[in-house]
Each structure stands twice: as C-alpha cells, then as structure tokens.
Amino acid sequence: MRITDRMINGTYLRNLNKNLKSLTDCNEKVSSGRKYLKASDDPATALKALKVRQNLSRISLYKDNAGEVGDMLTDLETAVSGINSVVTSAIENITQTRSGSYNDTDRGITADLLRSYQTEILDIANSKSSDEYIFGGSDMKTMPFSLDSGVLYYHGTDVNSNTGFDEEPVYFDIGLGLQTDASGKVLAGTALDVSNPGSEIFGTGVDGDGISNNIYNLLGEIADLFEENDLSELDTYMDKLESYSDDITAEYVDVGQKSNYVEFLSDRFDSYELNAQTKQNSLEVLDSATGILDYNTQQNAYEAALAMGSK
C-alpha cells in the first residue's frame, strides 16, 4: 500500500486533535476539581457516586425532619413545663387556703387566683410552634381550644363530652425505616408521630362523680367551691387535681425522652453525612497534585506533537 503525504498529514492532524482534546479535558478536570466530566468517562465510578448522592439526599431529608421535630418537641416541653408549673402553684394555694386560719376574703382571693390559672392554661393550650398549634392534634393549623359562653371546646366539641375526640397521627419520616400497611397507613415505630392532641393532654369528659376531667374546667370547679365557701367536697377535687399533676409530670418526662432520642438521631445523621461526603469526595473530587501532573504531562505531549508537525 502506498503511503501518501495526504495520508501522513491526516493521521498527524487526527492524533494532534486527540492530544488537544486530552489536554482540554485535563484542563477542565483541574479547573472543576472533578475526576470525570461526564458519566461516560467512568461509568462504574459514576454509578457509585450516584448512589452516594442519593444517600446524601435521604440523610439531608432525615436531618431536616429531625430538626423540625426537635424544635416542636422543645416548644412542647416548654408548654408542658408551663402546665406543670400552673398546676403545682394551684395545689399549693388550695392547700394553704383550705385551712381554718383563712377567712372568706382569703378564699375569694384564691378563687380569683384559680381563675387566672385557667387563663394561663388556655393560653398554653393554644400556644404555637412556628405556625402550628402545639396541641392541635391532627389539625395543627386551626386553634384547638375556644370559649363560648363559658364552655370550653376542643375543635368544636365540648371538652366535657365523653365522645367525639378521635385523632389521626401525624408522622414524620426521621430515618426509622418508614413502612405502610396494605391500606397505606404508616406502621407504628417506622416513623415518629408528632401530633399532641390537646384532648389527651388537658383531658376530656367527666368522671362518675360528675367532676370534669379537663384541667381548665377542674380549676374552674374548684374556684366555684371557694366562691360558694363550701369545701365539703374539696378532697375529692384535690385528689383529681393531684392525679392530673402526676400525669402531666409523666408527660413532661416522656417529652424529654423523645427530645433526647431525636437529638441522638440528629447526631447520628451528622456522622452519616460526614462519612457519605468523604466517600463522595473519594469518588468525584480530583486530587489537585495528580490533576496538575496529568495536565503538564499532556501539555508536554501536545507541544511535542506540534514540534514534530513543524518539522
């Protein structure tokens, strides 16, 4: 086969352009700091990197959700602590005023104080975390408690009713392995229920003695006893109030445990994220020294090709 000058020149130009393209790729890798510019450059590494990116995206979602849940639990803890403080103060004042050394005027003052405690309880019951009502249950966008003609309602239902307080959970995916059943309902334990029904926290219905289970109404009923100066049944009411105090203390402990657990998860996600970012860097980030060395080598090859062509 006869080798012509045209064939020699064509082969030379093709090889020169390949060298130029390689030099350009090296330049882009160094300037971008990436090991490869497109997936086709290194399909195996690109696939691994894609999986790492997907994992980082999930971790970011879990971290955001855990952070939001943590803020909600902090506000909830503050609210429950406020309830506990009000109830404790009410018990102390009632215990003092029930003794024989206090007169009718003192009992009237205690009744007024209990009314003020009712106001505090109602304010806490309608408190918010960001733009959502803490004790709204499954409907955290609507103010849960309202007063109408002295009657307290929870989402439109009289709190002294014994029915009508069914609540749906509100789940947050915080990396517990979210699963659903055949009907699409989230399985308990695979996500965190962040709903805090005010109907459960503050109580609903009345007991067998006709005494309200709701702390707001209970304080009001005790205030009525002091205003009427009839403390014959006060022991029964006090037993109820102290029982509620024990329940709200247990609730406070439970919220604290949830807060600690979410904080533990957040710390764990930070570690997961750091590990994933380290792996991502090992797959995608170009070592600058290696990149510059490759660029210089390719530049020398290109310049040598140019010198050969000029001869």
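Arg 268 sits in helix 6. Along the sequence, 205 residues separate Arg 268 from Lys 63. In space, their C-alpha atoms are 9.5 Å apart.

A word on the source. This is a predicted model, in which local features need pLDDT of at least 70 and side-chain atom pairs count only at pLDDT 80 or more, while totals for chains, interfaces and linings use all residues. Residues are numbered from 1 along each chain as its sequence is written, and side-chain values use heavy atoms, with hydrogens and water left out.

Now step back to the whole chain. It has seven helices and seven strands. Helices (H or I, at least four residues) and strands (E, at least two) are DSSP runs, numbered from the N terminus. Which order do the elements follow? From the N terminus on, they run α-α-α-β-β-β-β-β-β-β-α-α-α-α.

The chain has 311 residues, and 35% of them count as buried. The chain exposes about 17,700 Å². Carbon and sulfur atoms supply 49% of that area. Accessible areas come from the Shrake-Rupley method with a 1.4 Å probe; for residues, only the protein chains shown count as cover.

Next, look at contacts (heavy atoms within 4.5 Å). Take those in the chain with a separation of 6 or more: residues 24 or more positions apart account for 66% of them. Thr 110 gives a local view. This residue lies in helix 3, which covers residues 104-125. Is Thr 110 buried or exposed? Thr 110 counts as buried because its relative accessibility is 6%. Leave aside its neighbours within four places in sequence, and Thr 110 touches Asn 93, Thr 97 and Phe 226.

Charged side chains make links too. A salt bridge is a side-chain nitrogen of Lys or Arg within 4 Å of a carboxyl oxygen of Asp or Glu. How many are there by this rule? The count is eight salt bridges.

One of them joins Glu 273 to Lys 63, with the closest N and O atoms 2.8 Å apart. Glu 273 lies in helix 6 and Lys 63 in helix 2 (residues 43-97), so this pair ties together parts that are 210 residues apart in sequence. Lys 63 is partly exposed, at 26% relative accessibility.

Arg 115 and Glu 227 form another salt bridge, at 2.9 Å from N to O. Here Arg 115 belongs to helix 3 and Glu 227 to helix 5, so the pair ties together parts 112 residues apart in sequence. Arg 115 is partly exposed, with a relative accessible area of 28%. Glu 227 is partly exposed as well, at 45% relative accessibility.

Then find Glu 132 and Lys 141. Their salt bridge has its closest N and O atoms 3.6 Å apart. Glu 132 counts as buried, at 17% relative accessibility, whereas Lys 141 counts as exposed, at 53%. Salt bridges can also share partners: Lys 63, Asp 270 and Glu 273 are joined in this way into one network.

Some charges form a patch instead. Where is the negative surface patch? Asp 209, Glu 228, Asp 230 and Glu 233 form it. Patches are made of residues with over 30% relative accessible area and no salt bridge; like charges are joined within 9 Å, and nonpolar side chains (Val, Leu, Ile, Met, Phe, Trp, Tyr) within 5 Å. Lys and Arg count as positive and Asp and Glu as negative, while His and the chain ends are not counted. The place of a charge is NZ of Lys, CZ of Arg, CG of Asp or CD of Glu. Asp 230 is in the loop between helix 5 (215-228) and helix 6 (234-284). Its relative accessible area is 37%, so Asp 230 is partly exposed.

Finish with two backbone angles. Ser 130 is not a glycine, yet its phi is positive, near 60°. Ser 130 lies in the loop between strand 1 (128-129) and strand 2 (132-133). With a relative accessible area of 70%, Ser 130 is exposed. His 155 also has a positive phi, about 50°, although it is not a glycine. The loop between strand 4 (151-154) and strand 5 (157-158) holds His 155. His 155 counts as partly exposed, at 30% relative accessibility.

Definitions and conventions
Buried means under 20% relative accessible area, exposed over 50%, partly exposed in between (1.4 Å probe, protein chains only).
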